[in-house]
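Keep the viewer open as you read.

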Amino acid sequence: METLVLLGQLAWTFFIIGAFTIGGGYAMLSLIQNQVVVEHPWISETAFTDIVAVSQMTPGPVGINSATYVGYDVLMNATGSHLLGICGSLTATIALMIPSFIIMLLIVKFYFQFRSSRLYAGTMDWLKPCVAGLIGAAAIILVLKTTWTGYTPTVQVVADNFPDWKSWVLLGGAFAASYWGKVNPIYVILAGAVLGILLY
């Protein structure tokens with residue numbers, strides 16, 4: 001019974017995330033973190049960071065991959081069953097995709113009627129900075145732990161996410177190679193994996 005309740009909470013949580021996410025998988029990460037780490041403390045901040053890292057390296061959208069891994073982790077930790085962990089993965093993934101599927105059907109149906117509307121154009125202009133903010137928040141959340149007390153945030157570095165100077169050097173090197181060196185992201189990931197094995 002408790003497992004069914006947990007599956008229901010997982011389904012509802014990811015359904016709401018899917019319904020209110022605009023801007024793709026990276027914009028979704030801050031919502032997922034808020035729900036599964038803060039609102040429902042199902043997983044730790046460090047576990048969420050690991051899930052995001054794996055989700056970025058595996059094929060598919062990062063938001064859906066994260067939902068799949070989170071669903072498995074939540075049910076596996078709660079029950080100790082790999083089978084129920086897979087059920088958690090399916091539940092979270094399907095619940096996340098249903099709102100997007102419905103919204104896309106509606107958009108495809110009505111887009112050509114409203115694309116020249118000033119209201120539509122104004123809405124899109126307002127949504128763009130919101131999406132940028134959500135993506136920026138996701139990046140900050142992976143490095144910092146923010147606890148809100150009223151309107152005042154308490155911020156501290158999550159030590160387990162960046163345990164030492166070597167992690168920061170790897171981060172800087174990956175950013176420089178991607179941004180300035182225009183290195184293929186696959187090579188950056190492979191280099192990070194090799195250096196991580198050697199350094200740790």
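**Rings at the end of a helix**

Start at Tyr179, which is partly exposed, with a relative accessible area of 49%. Tyr179 pairs with Trp180 edge-to-face, the ring centres 5.3 Å apart and the planes at 85 degrees. Trp180 itself counts as exposed because its relative accessible area, 61%, is over the 50% cut-off. Bear in mind that this is a predicted model.

Now look back along the chain. Phe175 and Tyr179 both belong to helix 7, which covers residues 165–179, and they sit four residues apart, about one turn of the helix. Phe175 is partly exposed too, at a relative accessible area of 48%. How many aromatic pairs turn up by the ring-centre rule? The count is four. One of them is Phe175 with Tyr179, a stacked pair with 5.3 Å between centres and 10 degrees between planes.

Lys182 places its charged end over the ring of Tyr179, 5.6 Å from the ring's centre. That qualifies as sitting over the ring because the cut-off for the distance is within 6 Å.

Helix 8 itself takes in residues 185–199, 15 residues in total. From first C-alpha to last, helix 8 reaches 20 Å, close to the 21 Å expected at 1.5 Å a residue.

Terms used: Residues numbered from 1 in each chain as written. Predicted model: local features only at pLDDT ≥ 70, side-chain atom pairs only at ≥ 80, totals over all residues. Heavy atoms only, no water. Helix = DSSP H or I, 4+ residues; strand = E, 2+ residues; numbered from the N terminus. Expected span 1.5 Å × (residues − 1). Phe/Tyr/Trp six-rings, centres within 6.5 Å; stacked < 30°, edge-to-face > 60°. Buried < 20%, exposed > 50% of the residue type's maximum accessible area, 1.4 Å probe, protein only. Lys NZ or Arg CZ within 6 Å of the ring centre and 35° of its normal.
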